[in-house]
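Please look over the structure shown here.

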Amino acid sequence: MSKNQIIMLSVLVIYLVANFVIGMVVSKKEEKKSSMSFTKKYFIGSRGMNGLVLAMTTVATYTSVSSFVSGPGAAGLTYGFSQVWVSGVQIGAAFLMLGVLGKKFAVVSRKTGAVTVAGYLKARYKSDALVILTTLLMLVFFITQMIAQFMGGATLIETVTGMPYWVSLVIFAVVVILYTAFGGFTAVVITDTIQGVIMLIGTFLFVFYVIRGIGDFDTMKVTMDATLPGWDNLTGSGYAPGTLLSFWVLVGVGVLGLPQTAVRGMGFKDTRSCHRAMLIGTIVVGVLMIGMHTAGVWARAIVPEETFASSDYFIPTVVQKIMPVGVAGLFLAAPMAAVMSTVSSLLILASASIVKDLWRTYIVKDNPAKVERFNRHLSKTSLVVTLLIGILVFVLTLTPPDIIFWVNLFAMGGLESCFFWPIVGGIFYKKGNKQAAIASSVIGVVTYMVSYEFGITIFNINSVVWGILFGGITYFLVGALTCKHGLDKDVLDTCF
Amino acid sequence: MKEKEVLKLTDEEKHKQMLKEIKATFVLILIVAAWHIGFGFGLNGIDIMILGMPLWFFVSTIGAFVISVVGVIILLKFVFVNFELGDEMDEESLSDIDNQTTSGKEVALDE
């Protein structure tokens with residue numbers, strides 16, 4: 001390994017260790033302070049998040065390696081400013097999620113003891129079929145997303161430090177799986193907060209060095225005009241209007257259907273935290289997205305002649321060219337942060353779903369002997385489940401498929417098509433009963449997958465639009481047809 | 001940040017207030033979306049650059065960012081309200097001993 005590579009690796013390792021230590025220390029401290037049950041501590045951090053942590057974990061969970069590597073890479077190499085426009089759609093996500101779902105989930109989850117989105121759905125619809133169906137789907141999509149993130153992270157470290165893919169993977173995968181398994185939700189959100197700060201620092205570093213590297217904007221424009229035709233045009237560089245509009249569904253409003261961000265509504269401590277997080281989150285997302293992607297476009301002007309095996313290599317290569325090596329190492333902590341924050345959140349929620357929503361509810365049930373045994377071993381069980389899921393993802397990541405950007409988006413569309421109407425419709429529609437929810441999830445996901453698989457592209461509209469559209473029609477239709485006597489009284493009391 | 005007092009509301013009042021906030025949030029996102037899409041497509045093609053960014057992008061996306069932040073501040077000041085979220089209802093603490101730490105040691109129950 002070259003000296004530079006060793007420096008980069010060292011910075012990364014220090015960062016990883018710091019995350020692990022801080023995550024574990026804080027989570028143990030909080031655990032001692034809390035008087036809540038194990039489940040509430042491990043899976044939802046005793047509902048103790050304040051505004052800053054809530055903002056950072058929401059943003060960090062949501063922004064993944066796409067925001068730091070694939071997205072800006074695609075901006076610089078292929079789509080130009082249209083990619084930056086697309087990334088801008090996400091600015092609304094923070095305040096949308098917290099403003100619509102935040103307090104509702106907070107209130108209902110306190111009443112019912114829910115620590116997962118499935119827990120909320122159980123209270124709202126009282127349907128075991130729905131809980132099992134959505135949880136299983138969620139697990140499949142989560143594992144897909146985690147693999148995508150791990151791939152991104154490993155490829156990044158491999159590119160930057162020269163170490164083989166599997167070694168690169170081991171380095172950070174081990175750290176994130178361990179602190180998630182042993183530290184639970186609190187470790188996840190605390191490290192998310194660190195990672196959010198690192199992502200901001202990384203963005204400022206990147207923008208700063210890119211601006212220095214391009215000289216002036218006029219020169220940049222001339223170079224870009226020659227290198228990437230249509231770079232400064234919304235529809236001139238590869239995205240059809242239909243696709244562009246679809247992004248407002250996929251990474252805009254559709255975000256309401258993502259359980260890993262929605263669940264954060266169950267974890268904050270008071271309405272003040274929710275409000276602060278809405279503001280902080282919006283500002284942070286805006287800075288990250290606009291900063292990284294705009295600089296991504298400009299950065300192409302620094303290396304106009306180079307070719308890349310895939311757009312995922314663009315950012316790591318450019319960064320090493322324009323930043324002194326120590327700074328580059330620090331910058332590269334940012335996409336690592338994005339990966340770890342996303343994976344840790346998915347991992348803990350997947351574990352919660354298996355342990356609490358599936359195992360406890362359907363395998364242990366109400367048999368007192370089983371319940372007692374379950375509770376005795378709960379902490380060990382939760383830890384083991386978290387570890388096992390982590391290991392499974394790790395193993396699957398060792399033989400990776402292709403580009404991260406799109407794999408991630410597939411899982412995202414699937415989740416949104418499944419959960420959007422049960423969650424959002426559930427808030428408004430008093431005829432939204434369990435039949436409506438189940439039908440909507442099934443039709444939504446099936447429509448999405450059929451449309452995706454068979455490439456049904458009318459006006460180049462993304463499959464998620466069809467998934468959510470047909471999911472919605474199903475929800476309201478089935479509800480109207482089957483909900484004869486209104487919802488049960490206790491559901492109305494708890495959720496409305 | 002301006003601190004509003006924390007209200008004690010009945011369940012019904014809470015849900016009514018939340019519905020108000022939810023609708024207001026949807027209104028804001030629609031405004032942001034309309035701006036972002038409208039100016040993005042509307043100004044596209046005009047060959048003016050501001051600070052290294054095409055005009056359509058600057059107005060649509062930086063504009064959307066500004067509107068989002070200002071919009072959130074307005075929502076928080078005029079629509080959103082602080083209220084107590086409610087007590088934790090522990091569905092399982094009635095019969096179980098799950099006050100454990102992840103190191104497996106049992107902690108004395110506080111109830």
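This is a predicted model: local features need pLDDT of at least 70, side-chain atom pairs count only at pLDDT 80 or more; totals for chains, interfaces and linings use all residues.

## Interface, helix and loop

In chain B, 55 residues are in contact with 60 residues of chain A (contact: C-beta atoms, placed from the backbone, within 7 Å). On the chain B side, the elements giving two or more residues are α1 (11–42), β2 (53–54) and α2 (55–78). Helices (H or I, at least four residues) and strands (E, at least two) are DSSP runs, numbered from the N terminus. The largest share of that side, 13 residues, comes from α1(B). The table sorts the chain B side by class.

| Class | Members of the class | Side of chain B that touches chain A |
|---|---|---|
| Nonpolar | Ala, Val, Leu, Ile, Met, Phe, Trp, Tyr, Cys, Pro | 26 residues |
| Polar | the others, Gly among them | 19 residues |

Residues are numbered from 1 along each chain as its sequence is written, while chains are lettered from A and ligands numbered from 1 in the order in which they are written.

Now the helix. α9 of chain A (residues 165–214) has 50 residues, yet its end C-alpha atoms are only 32 Å apart. A straight helix would reach 74 Å (1.5 Å times one less than the number of residues). α9(A) has a kink of about 130°, centred on Gly184(A) (the angle between axes fitted to the seven residues ending there and the seven starting there). Gly215(A) follows α9(A), with a positive phi near 85°.

Last, the loop residue. Ser311(A) lies in the loop between α13 (271–299) and α14 (314–322) of chain A. Ser311(A) is buried, with 23 other C-beta atoms within 10 Å (buried: 20 or more; exposed: 12 or fewer; partly exposed in between; C-beta atoms placed from the backbone). Beyond its neighbours within four places in sequence, Ser311(A) contacts Ser70(A), Gly73(A), Ala74(A), Leu77(A) and Thr78(A).

Key. Two residues are in contact if their C-beta atoms, placed from the backbone, lie within 7 Å.
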